[in-house]
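Please go through the report below with the sequence and the model open.

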Amino acid sequence: MALPVAEWQGRTARLWAALEPALRERLEAASLQDAVRLGCDLLRKEEEEAALVQLCHRAPTDKRPEAASWYREQGNREFKRGRYQAALRLYSKAASHELPGSPEVSVCFANRSAALLHLGHFEVCLEDIARAESHGYPDRLLPKVLLRKAECLLCLGRLQDAQDILRVLESKIALDGVMTPHLTRLKKLSQLQVKLGEKEKCPEPAGEAHGGTQGEPEIWEENNKISGASSSLSLSFDAERGRHLVASQDIVPGQRLVKEEAFVSVLCPGESLPLQKGDTAWDTRATNADLYCHRCLRQLLASVPCQGCSYAKYCSQDCAARAWQQYHRTECSLGALLLTLGVFCHVSLRTVLLAGFAEVSRLVAGSHRGDKNLQSPEASCKPLSEAAGAGAGSRHLPGCDSSGWYQSSYEALFHLLPHTEQHSPEHKFLCTLSVVALCKQLQAAGLEAAVLSQESPQQWSKPKTCEKTSAELSPELKTVAEAMLRHVLQLQCNAQAITVMQELGPGDGAVVDKKPVRLATAFFPVLSLLNHSCCPNTSMSFSGTAATVRAAQPISSGQEVLHCYGPHWCRMRVAERQQLLSQYFFECRCPACLQELESGVKSAVSIRNSFCCPKCQAPMQGEEDTLCCSNEACATSTSRDHLSGRLQDLQQQIKKALDLLRVRKADQAIKMLLKCQMDAGTFLSPEHLLMGEVEDHLAQVYATLGKWQEAARHLKKSIEIVEMHHGPSSVETGQELFKLAQILFNGFAVSEALSTIQRAEGILSVHFGPQSAQIQELQEMKACLSELPRNILQRT
């Protein structure tokens with residue numbers, strides 16, 4: 001959740017409504033500095049602080065050994081059922097709740113190593129065994145773990161290391177008769193040494209589009225004026241569009257334009273159930289917080305838990321150490337408050353921690369000397385053409401240094417527009433009280449010195465605790481609060497969602513279905529230079545905390561480089577787009593919007609996603625509550641609400657069918673989806689996007705049954721509808737073709753598979769680059785098919 005929880009939003013709204021009119025007027029007109037000062041005065045009331053403390057109890061992040069014990073028991077149950085992936089995640093949850101250095105945490109790592117062994121992740125299994133040993137794994141249980149270690153080493157072909165472990169085991173078993181049951185297993189492992197010596201190492205699972213080593217390296221020449229940008233771009237400015245990027249030469253589709261590491265990113269926790277009364281039950285579902293590293297956003301296999309809280313989890317000890325040093329030493333004890341106040345508050349805190357107090361205070365002080373310019377910083381700047389020839393002493397765009405270099409820095413981030421005067425007073429009040437509450441807790445917890453970078457590393461690990469949080473904020477923390485308030489307001493227009501393609505279902509089928517999921521919220525100063533268009537000429541992808549922008553179509557020299565902020569002309573009507581874009585405080589005048597607004601013609605989205613007559617299947621028409629059949633001979637009419645209700649019921653039925661597929665009841669899922677398809681055909685346009693979704697789901701179910709021809713038939717129908725909505729070169733079409741290629745490959749339809757692979761490769765390489773994971777998989781399929789005997793290729 002970007003904003004604070006609903007209860008805190010409601011409480012601040014009631015407090016705002018109860019203020020004296022004169023005070024409300026002062027707050028509405030207040031600068032960021034004055035807003036913080038007034039917010040400190042208003043948050044003195046103990047009941048407001050008590051209410052926030054109460055809300056924090058619903059999202060605890062402290063370590064709870066009773067929770068660890070419960071998760072470990074659940075993991076043991078799943079392990080006994082052979083559900084090793086579920087057991088793996090439950091053991092990880094258990095480890096995050098155990099106290100560091102305790103024998104119990106060593107048992108969690110040891111149990112998790114057993115699940116990893118069954119899943120074939122031998123290297124990671126060895127890492128968990130090492131963790132178990134370093135945390136004091138009980139000596140009486142050590143033979144089991146050593147056997148596991150020997151088996152991993154054998155599977156990895158490390159025979160000498162395995163023999164060394166086996167010798168240790170032999171001596172332990174010889175000394176203790178209780179351990180003789182392990183001897184049989186030991187002998188079997190010894191006999192397998194030679195057989196397994198030549199066995200290939202099992203590959204570790206690939207992460208989410210990390211990029212690979214195959215494929216031709218991309219030609220890249222970095223811009224000498226904009227960090228992370230291609231030399232084919234230039235930074236420009238005008239009063240209407242502000243700072244923006246323009247092509248300085250002709251650009252071809254697929255060309256990489258920007259690659260930038262986020263200045264700051266915070267994982268979006270995802271949905272999770274709160275603890276029940278009495279803390280007797282915990283949520284076993286895996287959320288983003290369980291699946292991805294809290295620092296680098298890589299996919300987790302065996303997480304390394306934070307030693308101070310149960311929330312933060314990392315992909316390695318190195319990531320954990322770096323996060324602690326950079327920001328988590330301050331955030332650790334504030335986890336529940338940060339979850340309560342929302343991701344935007346969390347991003348704002350982490351931003352100032354990464355920037356450092358010296359830089360924060362310098363820029364905040366500078367803003368006091370020129371508040372009006374910082375409300376609209378470009379207003380004081382000369383056009384770049386003038387500035388370039390005016391010498392080194394001339395004023396450049398905010399974020400640029402004295403030589404005109406724009407880099408992904410805190411200074412560039414600080415100068416992103418906060419639109420202070422355009423936010424609603426209620427929203428600004430909510431943000432102010434939230435930031436002040438967070439800074440008061442920093443002070444109460446004894447973390448002020450850490451925030452101001454005045455402590456030595458030896459003092460970081462044990463923050464002080466304090467019951468009272470209503471003390472006056474220090475001048476330094478007021479400066480921090482002002483910067484944080486600025487960043488929270490900036491995020492409404494400049495937050496960038498980091499997305500990842502996440503697998504639907506168990507992910508163990510021959511055809512993998514994925515959907516984009518919001519993984520984190522981040523600040524990208526260079527990406528923020530891209531203006532919006534509902535018909536953009538670029539495509540964006542992510543790898544960990546890095547974003548890459550590519551040209552999605554030819555861009556001529558002098559043309560502006562544009563990105564879509566979410567509302568796309570292929571996905572929604574102009575009225576819906578304009579409403580969603582209102583949060584950015586501008587009215588979109590891109591070609592797609594102008595065409596729909598000026599022509600008055602019904603958009604293609606409306607036509608394709610329209611209802612049809614339940615009697616004769618002709619299109620229904622009308623903008624009011626009552627829709628009429630366009631076939632005069634039929635003249636059927638019905639209410640829009642009635643048809644919308646049928647659509648919602650249909651979507652619920654589709655969801656139930658997919659739930660059946662997830663529990664491997666494919667036959668029942670097919671019956672339900674075919675019924676949904678029949679029902680949809682009675683009142684939805686044949687081109688309706690939901691008709692394509694049903695075809696896609698049917699293809700998925702038939703693929704799980706190995707009925708490749710049937711799966712391909714349904715997916716081809718889905719592709720026709722997706723192409724109609726999104727275009728033949730869209731990323732959506734590319735993803736569907738990727739799935740079709742998998743189906744045709746598994747169904748041994750060689751020539752058709754090769755042609756589909758070629759088309760999918762051409763589209764996806766434009767959007768994700770030639771070294772993306774999907775492109776590599778397509779190339780592997782193509783290589784495999786190309787190596788088949790010529791007579792087989794000719795027959796297929």
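## Basis

This is a predicted model, in which local features need pLDDT of at least 70 and side-chain atom pairs count only at pLDDT 80 or more, while totals for chains, interfaces and linings use all residues. Residues are numbered from 1 along each chain as its sequence is written, and side-chain values use heavy atoms, with hydrogens and water left out.

Helices (H or I, at least four residues) and strands (E, at least two) are DSSP runs, numbered from the N terminus. Buried means under 20% relative accessible area, exposed over 50%, and partly exposed in between (1.4 Å probe, protein chains only).

An open sheet of 3 strands has the order 4-8-7, and its pairing is antiparallel. Strand 4 (264–267) and strand 7 (496–503) stand at the edges with a single partner strand each, so one side of each has no neighbour in the sheet. On average, neighbouring strands of this sheet are turned by 40 degrees against each other, direction ignored. Two strands pair if DSSP finds at least two bridges between them. Strand 4 and strand 8 pair in the antiparallel sense over 4 bridges, and Val-264 has Phe-523 in strand 8 as its bridge partner.

Helix 15 (residues 343–355) packs on the sheet and touches strand 4 and strand 8; its direction makes about 140 degrees with that of strand 4. Helix 22 (residues 475–494) lies across strand 7 and strand 8, and runs at about 145 degrees to strand 8. For these angles, axes are lines fitted to C-alpha atoms, for helices over the stretch in contact, and angles run from 0 to 180 degrees between N-to-C directions.

## Thr-521 in strand 8

Thr-521 is found in strand 8 (residues 514–523). Is Thr-521 buried or exposed? Thr-521 counts as buried because its relative accessibility is 1%. Its side chain makes a polar contact with the side chain of Arg-518, at 3.1 Å. A polar contact is a pair of N or O atoms within 3.5 Å; within protein, one must be able to donate a hydrogen and the other to accept it, and residues adjacent in sequence count only if both atoms are side-chain atoms.

Not counting residues up to four places away in sequence, Thr-521 touches residues including Val-264, Ser-265, Val-266, Val-343, Phe-344, Leu-491 and Gln-496. Contact here means heavy atoms within 4.5 Å.

## The hairpin of strands 1 and 2

A hairpin joins strand 1 to strand 2 through 3 residues. Strand 1 (residues 233–238) pairs with strand 2 in the antiparallel sense over 6 bridges, and Asp-238 stands opposite Gly-242 in strand 2. Strand 2 (residues 242–247) is mostly covered, with 6 of its 6 residues buried.

## Aromatic pairs

The structure holds 10 aromatic pairs. One of them is Tyr-410 with Phe-414: the ring centres are 6.0 Å apart and the planes are at 55 degrees, so the pair is tilted. Rings of Phe, Tyr and Trp (its six-membered ring) pair if their centres lie within 6.5 Å; planes under 30 degrees apart count as stacked, over 60 as edge-to-face and the rest as tilted. Tyr-410 and Phe-414 both lie in helix 19 (residues 410–414), 4 residues apart, about one turn of the helix, and both are buried. Ring pairs link Phe-263, Tyr-410 and Phe-414 into a cluster.

Phe-524 and Phe-542 form a tilted aromatic pair, 6.4 Å centre to centre with 50 degrees between the planes. Phe-524 lies in the loop between strand 8 and strand 9 (531–532) and Phe-542 in strand 10 (residues 538–543), so the pair ties together parts that are 18 residues apart in sequence. Both Phe-524 and Phe-542 are buried.

## Partly exposed residues

Phi of Gln-617 is near 65 degrees, a positive value in a residue other than glycine. Gln-617 is in the loop between helix 25 (604–608) and strand 13 (620–621), and counts as partly exposed at 38% relative accessibility. Phe-748 also has phi near 65 degrees, again positive in a residue other than glycine. Its place is in the loop between helix 30 (731–746) and helix 31 (750–768), and at 42% relative accessibility Phe-748 counts as partly exposed.

Leu-580 lies in helix 23 (residues 574–581) and is partly exposed, with a relative accessible area of 43%. Leu-580 touches Pro-567 and Met-572, not counting residues up to four places away in sequence.

## Record annotation

UniProt, in an unreviewed entry, places the feature "coiled-coil region" at residues 640–667. UniProt positions are given in the numbering used here, feature names are shortened, and annotations may be inferred rather than shown by experiment. In the model, the chain over residues 640–667 is 89% helix and 0% strand, and the end C-alpha atoms are 34 Å apart.
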